Amino acid sequence: MTLADFLRGELGLTGTHLGCEHGVCGACTVLIDGASARSCLTLAVQAAGHEVTTIEGLGTPENPHPLMRAFSEMHGLQCGFCTPGFIVSAFEYLREHPQPNREEMRRDLSGNICRCTGYVKIFASIERAAELMSS
Amino acid sequence: MTWVGQRVARKEDLPLVTGTGLYVPDLKLTGTLEVAFVRSPHAHARITALDTAEALQAEGVVCVLTGPEIRGKVRPMVLDQEAAPPGLETAEPEIHPATIEILADGEVRHVGQAVAAVVADSRYRAEDAAELVRVDYEELPAAIDPQKRDNPIVFENVPGNVQARYRIRVGDADAALAGAAHRLALNVRSQRVTAAPMETRGVLASTVGEETNVWSSTQIPWWVRNAIAGSLGIPQRLVRVQIPHMGGGFGLKVNVYPEEVLITYLSRLLQRPVRWVEDRVEHLIASGHARDQLHHVEAAFEDDGRITAVRDRFVLDSGVACPYPLSSAYNVASHFRSMYAIPHFAIDGECVLTHKMFNLPYRGAGRPEAAFVMDRVMNAVAQELGLDPADVIRRNLIPDEAQPYSMRMPYRDGHEVVYDARGFPAAFERLLELIGYEEHRRSPRPGRGIGLGTYVEGTGVGPFESGQLQLDSEGRVVVYSGCAPHGQGLETTMSQVVADAFGLTPEAVVFKAGDTALMPFGAGTFASRSVVTAGAAIIESSNRLLNRIKAIAGELMEMAPEDLEVGEGMVRARGVPTRGVSLKEVFRASSPGPGARLPAGMDAGTTETFYWVPPTVTWGFGVVGAVVQVDPETGVVKVEKLVMLHDCGRVINPLIVEGQVEGGLLQGVGATLYEEVVYDAAGQPRATTFLDYLLPTSAEVPEIVQESLEGAPSERNPLGVKGVGESGPIAPPAAIANAIIDALRPLNVQLNELPLTPPKVLAAIEQARA
Ligand code: FES
Ligand code: FES
């Protein structure tokens with residue numbers, strides 16, 4: 001069983017989405033011991049003994065993560081299907097680059113596909129989140 | 001303060017950003033069975049043997065259905081939803097209904113067609129058992145190239161495989177071409193693409209007794225309900241279709257699919273919840289494709305570049321069906337001449353069946369294809385005459401004094417195409433200024449090119465849309481609509497509109513849509529129509545509800561309704577702000593029974609409904625400029641910048657409009673440079689994963705500059721709006737192709753076949769050198 005199916009099916013954590021199940025779209029991105037991974041290509045058993053962070057672990061409706069607030073504020077999502085995976089990837093990116101710049105983002109986030117937004121407002125959301133997080 | 005026009009952040013976002021949204025794959029009902037399909041590996045074949053015995057024995061399997069088993073119980077869908085309306089007679093349309101089979105019965109007609117459905121207690125087990133279904137096929141000759149006239153017949157009811165055809169004659173293009181100073185001819189192709197929303201399709205059906213609840217990832221819940229009921233031969237009231245959260249559609253989900261019918265049937269048969277979630281490989285072969293048009297176009301023009309006539313013939317490769325032949329094909333004709341005054345025009349379009357997946361409208365629906373041909377012609381005229389392409393466009397633009405301009409042909413709704421927009425020349429000049437056109441012409445940099453494109457867009461098409469308003473016990477305004485939003489932000493935009501009407505905040509408005517239990521009639525969200533049509537229905541029902549509220553409050557306050565005004569949750573006496581009643585009190589007074597305080601003759605409750613039937617579409621337009629960098633050694637193209645100016649009438653929420661345009665533009669880049677659904681000569685699809693079907697990523701995003709043209713508000717609907725959802729992808733193919741040609745000057749390159757991959761660009765360079 002894949003990690004994605006385990007998270008979604010056994011644990012009911014359906015914030016991790018499946019857009020392709022073959023490792024291209026990034027909708028299924030989670031953090032394993034803090035590093036982003038594609039849960040559709042990871043077996044659940046491979047995660048045994050490791051710390052797995054999903055979108056649900058980054059924030060909740062009562063207490064949303066600054067990235068979550070920023071995505072809404074800057075209109076970084078439309079259908080929202082890619083959004084959890086994007087936010088998890090952006091979380092990792094901001095941890096490594098607290099001061100985001102567009103050229104880096106274009107490259108570092110190219111493993112997450114969004115069909116709706118054209119990415120422009122996703123970049124703006126991440127920049128806004130960096131502001132929120134530093135203040 | 002008014003909310004319309006503000007950059008309001010969306011109300012619908014919190015569940016989506018926190019991962020607590022619920023899409024079809026996230027819905028779980030106790031005892032849900034999962035379905036996997038056995039699909040045809042052949043483009044065209046006879047099924048000679050079909051054995052499900054072994055699959056039925058497999059662990060966890062509950063049932064396996066095949067075509068012969070559902071014969072007589074589940075009818076194929078015969079879709080004639082786009083029968084030609086009155087007014088379209090001059091186009092001489094000939095349309096045969098599209099047949100969509102639920103499960104193949106005896107014959108398969110495209111790779112990916114469902115042959116058997118395996119139902120098990122988990123998806124893993126259903127998939128394992130699907131491999132145990134034995135199907136023997138006898139391969140048959142397949143219709144693959146629609147240009148061939150001796151293809152095997154795909155469906156008996158479609159003679160010669162021509163499922164739809166039409167012709168338009170404006171003026172006399174033949175004579176104009178015969179007597180022209182200059183002429184050119186091009187073959188222009190828009191490739192087969194797919195919308196590829198990030199969420200694939202999915203359906204969950206749950207039956208209690210006679211009634212089935214269906215959750216489907218669809219843009220058209222009411223039509224899905226009607227088609228399911230029709231196919232199963234049951235009354236519509238026994239099926240309720242709703243959309244949960246939905247991960248995009250872009251036209252791909254504007255069709256009723258066999259799986260929606262079959263999953264409903266299975267749930268009724270087994271009296272259990274049954275679900276199917278499409279995987280991406282299935283999606284790429286068994287969800288609708290789009291475009292796939294080959295045009296042969298000729299143009300007549302003067303020494304100064306003015307085009308006097310265009311004659312176009314095109315074939316649209318329908319695959320096994322083109323369920324919306326007017327949207328997919330006739331839109332080409334009605335948008336073809338774009339912003340240009342071209343007096344003579346002839347076009348002949350055909351939708352031809354082949355043994356491929358069916359062809360649906362995809363964001364833009366015929367407009368990107370038309371715009372690509374038209375603005376390639378414009379550029380080719382400039383190349384031919386050695387003129388600046390901007391001058392050629394400029395000389396052909398419809399001047400303001402000629403507006404409202406009639407294109408002297410009917411729209412697909414049967415009404416004459418008359419543009420209700422102006423300012424084409426000003427928008428075009430502004431584009432040139434924003435993109436630095438003159439500077440580039442004066443001192444071009446090696447490998448850098450600028451190309452231009454234009455479009456018009458008829459938006460807000462019928463048949464109708466619904467809006468229903470009422471108060472709730474909290475004094476909030478509750479809005480229902482027959483649209484089906486899935487990312488467009490309608491909850492927010494419609495709340496802004498209603499908030500202004502009632503003097504509330506958007507937060508005090510509740511918006512619900514996409515559920516057939518809400519209202520008897522609804523259409524859906526597609527074709528850049530929801531803000532226009534649902535918006536109009538909602539504003540009209542707002543007016544009715546305001547009148548009702550004032551009448552009830554008048555009764556409570558013993559005042560004439562004309563002397564009252566509504567705002568901030570209160571109804572107050574005009575000029576005496578201390579006298580008033582709250583909307584909560586109005587709600588209570590509207591209740592049936594002893595508590596009622598209704599004016600004589602008024603029914604209880606606060607519900608007001610309006611069905612908006614648009615007089616015809618309202619026309620938006622826009623211009624796009626692309627800046628590209630081309631490497632002539634490798635043929636690699638980088639789009640550096642896209643500039644777009646667009647008229648969408650009155651803007652309700654600029655933030656959302658910008659998002660629509662940005663996303664649309666990038667889809668345009670994808671279709672221009674990367675994306676293609678490839679079938680080989682045997683009808684085998686070759687792009688079956690995202691490794692082969694390439695979507696633009698963040699690394700491909702150009703700099704995007706956009707301006708909303710504050711044109712006059714539309715006079716064809718009460719909100720003054722025009723649709724914008726589809727506008728982004730229309731013009732980029734032509735703009736980018738023209739930019740590449742510009743970058744390669746002085747070579748006289750021709751680029752008329754999408755996608756413009758590096759090998760194609762290299763081949764064009766070589767050809768121009770030869
Ligand atoms: S679902 Fe894992 S990468 Fe697409
Ligand atoms: S918001 Fe829809 S795919 Fe990204």
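Author: In this predicted model, the second largest cavity holds about 50 Å³ of space. Its lining includes Cys114(A), Arg115(A) and Tyr119(A) from chain A, together with Leu666(B), Gln667(B) and Pro696(B) from chain B. By class, five of the lining residues are nonpolar, three polar and one charged.

Reader: What volume does the largest cavity have, and which residues lie nearest its centre?

Author: The volume of the largest cavity is about 170 Å³. Of the 19 residues that line this cavity, Glu101(B), His110(B), Gln113(B), Pro258(B) and Phe358(B) lie nearest the centre. Strand 6 (98–100) and helix 7 (258–270) of chain B each contribute at least two residues to the lining. The lining comprises ten nonpolar, four polar and five charged residues.

Reader: How is a pair of aromatic rings described?

Author: Such a pair is described by the distance of the centres and the angle of the planes. Here, the rings of Tyr419(B) and Trp619(B) are 5.0 Å apart, centre to centre, with 55 degrees between the planes, a tilted pair. Tyr419(B) lies in the loop between strand 20 (416–418) and helix 12 (424–435) of chain B and Trp619(B) in strand 29 (residues 618–631) of chain B, so the pair ties together parts 200 residues apart in sequence.

Reader: Which residues form one aromatic cluster with Tyr419(B) and Trp619(B)?

Author: The cluster also holds Tyr411(B), Phe424(B) and Phe621(B). Both Phe424(B) and Phe621(B) are buried, and Tyr419(B) and Trp619(B) are likewise buried.

How values were computed
Residues numbered from 1 in each chain as written. Chains lettered and ligands numbered in written order. Predicted model: local features only at pLDDT ≥ 70, side-chain atom pairs only at ≥ 80, totals over all residues. Heavy atoms only, no water. 1 Å grid on protein atoms, 1.4 Å probe; cavity = no way out; pocket = protein on both sides within 12 Å on 5 of 7 lines; lining within 4 Å. Points joined across faces, edges and corners; volume = space filled by probe spheres on them. Helix = DSSP H or I, 4+ residues; strand = E, 2+ residues; numbered from the N terminus. Nonpolar A, V, L, I, M, F, W, Y, C, P; charged D, E, K, R; others polar. Phe/Tyr/Trp six-rings, centres within 6.5 Å; stacked < 30°, edge-to-face > 60°. Buried < 20%, exposed > 50% of the residue type's maximum accessible area, 1.4 Å probe, protein only.
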